[in-house]
Each structure stands twice: as structure tokens, then as C-alpha cells.
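I opened a new page for this structure. I wanted to look up its sheet and its nonpolar cores.

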Amino acid sequence: SGSMEGSKISSLRTAASNLVNTLFTATANSTVPANAGPPLQIALVPFAASVKVGTNYRDASWMDTGARSPIHSEDFESWRRSNGQMSSISRFDLYDAMTRVDWAGCVDSRPAPYDVTDDVPTTAQPATLFIPNFEPDEPDYEGYPVGTGSSRDNTYANSYLPDNPIACSGVDETTRSTSSTATNGQPRAQARTCKYYTTSSIPSGSGPNKNCTTAALTPLATSQSTILSRISAMQANGMTNIAEGVMWGWRVLSPTEPFTQGRAYTLPIGTPQNNKFMIVMTDGDNTYTTYDNINNSMHGTFGFLSKGRLGSTYNYVSRMNEKTAAACENAKLAGIKIYTIAFQISNSTTRQMLIDCATDPTMAYRSDTNSQLIAAFQQIAQEMSKLRIAE
């Protein structure tokens with residue numbers, strides 16, 4: 001996230017690189033024959049407000065390319081087809097309609113309960129599919145002019161297209177419908193999809209990828225140089241969503257889709273077993289930027305707070321913490337051993353959440369300085385490396 005900028009992200013790069021080098025060195029020095037056990041594999045999952053899986057997965061079978069998920073089109077109007085049936089529009093269709101913007105590779109959280117589980121995505125259960133991140137163009141103005149006595153915000157943080165562009169001229173409003181909460185005024189202006197069929201330029205720092213700020217994750221790989229290069233490329237930008245970091249950490253370790261590089265949790269009897277570890281490092285609390293307008297918030301991986309996927313607009317941090325805790329517990333039950341590192345975190349609730357997330361309290365580290373962060377990673381590397389060297 002953005003709070004990691006400066007010496008903090010530099011120390012993280014050093015700490016993570018040291019861990020990678022230690023583990024690969026332990027593997028090279030192991031007296032166990034190289035072909036006697038599973039090879040060392042390492043993945044990297046940068047996270048901020050969301051996680052970027054990468055644009056190369058646009059057509060993957062686990063991506064919701066047809067607006068099947070029940071939350072795929074919650075921010076957009078539906079269109080009436082010639083047979084009279086209503087049809088939801090795909091977020092990928094909207095990206096394709098925009099002349100200067102492509103999907104950056106981030107995804108939203110799946111609807112509950114699948115946001116904290118590793119259920120295999122399938123079209124037979126549309127809610128398990130992964131949804132491309134697309135932050136809607138918000139209304140041009142709130143509609144409460146200055147001086148009316150309203151305390152609501154007069155603007156939106158991500159208004160990047162005109163609400164009534166030429167592309168919407170002549171569009172028959174009777175051929176499409178919106179949800180009951182978007183029937184007129186600013187909600188209707190936000191829900192319109194015709195406005196994306198425009199050549200309007202997008203202001204810098206805005207658009208459908210506004211909060212997609214991280215580098216793409218790196219699935220499990222056996223190449224030391226690949227992992228080191230991806231660590232070096234990490235940047236500090238965005239907000240904090242720990243639950244998404246945990247979930248995609250689990251998913252890259254899993255043997256099932258969306259990534260299948262992970263080995264089975266239990267290998268056949270007589271086969272050398274493997275260990276799956278996750279290191280969760282954060283320097284911040286779960287956050288969701290709020291606004292006093294019809295959306296109540298920025299558009300994050302849980303959508304707008306007004307949609308209710310995080311409960312009320314007042315308990316959203318508690319709900320994010322609950323989802324983080326559930327994600328940790330489910331990953332541990334699946335067989336993942338979790339280390340956590342609370343880096344310069346003063347919030348006692350977040351620190352306790354990370355202690356509880358770890359497989360054991362001794363696997364939860366608190367680092368209040370850059371040097372302590374490097375030391376924590378080194379200690380974890382040494383503990384892991386013992387499994388790679390025969391005694």
C-alpha cells in the first residue's frame with residue numbers, strides 16, 4: 001500500500017530477497033537427492049486495495065466473461081433483448097467499448113461465502129467465478145448545490161466520463177432497466193452504460209482501474225531469478241485489504257484453479273510430502289475510503305459500501321477484519337502453515353488479528369523498525385530451510 005513507500009518498501013524488498021536466497025541455498029545444499037522430494041516453489045502476491053492477477057487471464061475459464069455472477073452487474077443497468085428478456089452487460093464489454101482503456105488485471109472479491117473459500121470456480125455456480133475490476137464512472141455532481149444546507153459531498157472521487165455524452169443521444173430509455181435504487185437522478189446517471197461507448201479521454205488518476213495499483217501476482221515458480229526480479233519491481237501505492245492478500249496467497253498455493261501450480265495437500269503414501277507456507281506481511285489496517293454521497297465509499301473489491309456487501313456503512317472495518325480472520329482459518333484448515341508480520345502497526349486490533357491468523361502465536365512477528373522486518377524474514381527463512389536440509 002502507499003504507506004509502504006520510501007525506506008519501508010526498500011527494506012521489504014531486501015527482507016523478501018534474503019528469504020528467497022536462503023531457501024534456494026538450503027535446497028542446493030540439501031543432502032536429500034534433488035529428485036527425492038518436491039522442488040522448492042515460491043509465489044509472490046502484492047496486495048493493496050485489490051490484487052492483480054494479470055491481463056493474460058482475461059479469457060481464463062475461471063473469469064466471469066459473461067456477467068454470470070450475481071454481483072457482476074450490480075452497478076450497471078440491464079438491457080432488454082429482442083426476445084423481451086433482460087440481459088446483464090459484461091464489464092469486459094465496457095472495457096472493449098472504451099477506446100483508451102483496457103482492463104488492468106485486478107479482480108473483485110467473490111460474493112460471500114466464496115470470498116473466503118477456495119471453492120473451484122465454475123459456471124455451474126456463477127458466484128464462484130472471478131469478476132474483473134471495473135470502477136464505474138460516478139455522477140458528474142452530487143446534486144446538492146453549495147448553500148442548500150446539505151452536509152453531503154458535492155462531488156465524486158471517480159467521475160471520469162460525462163453522464164450524457166453523444167453516445168447516449170437518442171438511446172431509448174424504455175429499452176433498458178436499472179435496479180430499484182437507480183431509477184433516476186444521480187443513481188441513474190451512474191448506472192448508464194451507453195456513456196462508455198465514447199471517445200472521451202480519461203483524467204489521470206481516474207477511470208475503471210483507479211484502485212488497481214499493484215504489480216501482478218507471480219504464481220508458484222521454481223526460478224530464483226524470476227521471484228527476485230518480481231520482488232524488485234514491487235511499488236508502494238494504494239490502500240490495504242488484508243483479506244484479499246491472504247486469499248490470493250492461498251489460491252496460488254492451491255492445486256486447483258484459478259492456479260494449478262500447487263501440489264496436492266497430501267501426496268500418495270510412500271511419496272515425499274510437501275509443506276505449504278504463507279507469509280502475510282502488512283504495515284496497515286484494513287481500510288476502505290468513505291464518502292458522504294450515494295455510494296458511501298470508493299469502489300473497492302467489495303463494491304460500493306452502499307451495496308451492503310460489508311454490512312452497514314459504519315461497521316465495514318470490522319467486517320473486513322472478520323473476513324480476514326475467516327480467510328486465515330480456512331487456509332489453515334486446508335493445510336497452509338501461516339506466518340504473519342505486523343510491520344510498524346500500532347492498532348492493537350490489527351496486531352491481534354495477525355497473531356490469530358498465524359498457525360501458532362510463535363509464528364506471528366511484530367516488527368517496529370526496518371531492521372526488525374529484515375530480521376523477521378530471516379528467522380522465518382531459517383525455520384523453513386530446516387525442512388530442506390537432512391539432519
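For what follows, I take contact to mean heavy atoms within 4.5 Å. The model is a predicted one.

Entry: Met278. I listed what this residue touches, leaving out residues up to four places away in sequence. Met278 touches Val246, Gly249, Trp250, Leu253, Ala331, Ile336, Lys337, Ile338 and Tyr339.

Entry: the core around Met278. I found that Met278 and Trp248 have the most contacts inside the largest nonpolar core, which has 42 residues. I then noted the elements that give two or more residues to this core: α2 (91-97), α5, β8, α6 (316-334), β9 and α7 (348-357). Among these, α5 gives the most, with seven residues. Apart from this core lies another, of 30 residues, and I wrote down Ala16, Phe24, Leu44 and Ala381 as being among them.

Entry: the sheet. I read the strand order as β8-β9-β10, three strands in an open sheet with parallel pairing. Which strands stand at the edges? They are β8 (276-282) and β10 (364-367); each has a single partner strand, so one side of each is left without a neighbour in the sheet. On average, and with direction ignored, I have neighbouring strands of this sheet turned by 15° against each other.

Entry: the pairing of β9 and β10. I counted four bridges between β9 (residues 336-343) and β10, in the parallel sense. I looked up Ala342 and found that its bridge partner in β10 is Arg366.

Entry: the helix on the sheet. I found α5 (residues 242-253) lying across β8 and β9. Helix α5 runs at about 160° to β8.

Notes: Residues are numbered from 1 along each chain as its sequence is written. This is a predicted model: local features need pLDDT of at least 70, side-chain atom pairs count only at pLDDT 80 or more; totals for chains, interfaces and linings use all residues. Side-chain values use heavy atoms; hydrogens and water are left out. Two strands pair if DSSP finds at least two bridges between them. Axes are lines fitted to C-alpha atoms, for helices over the stretch in contact, and angles run from 0 to 180 degrees between N-to-C directions. A nonpolar core is a set of buried Ala, Val, Leu, Ile, Met, Phe, Trp, Tyr and Cys residues joined through side-chain atoms within 4.5 Å. Buried means under 20% relative accessible area, exposed over 50%, partly exposed in between (1.4 Å probe, protein chains only).
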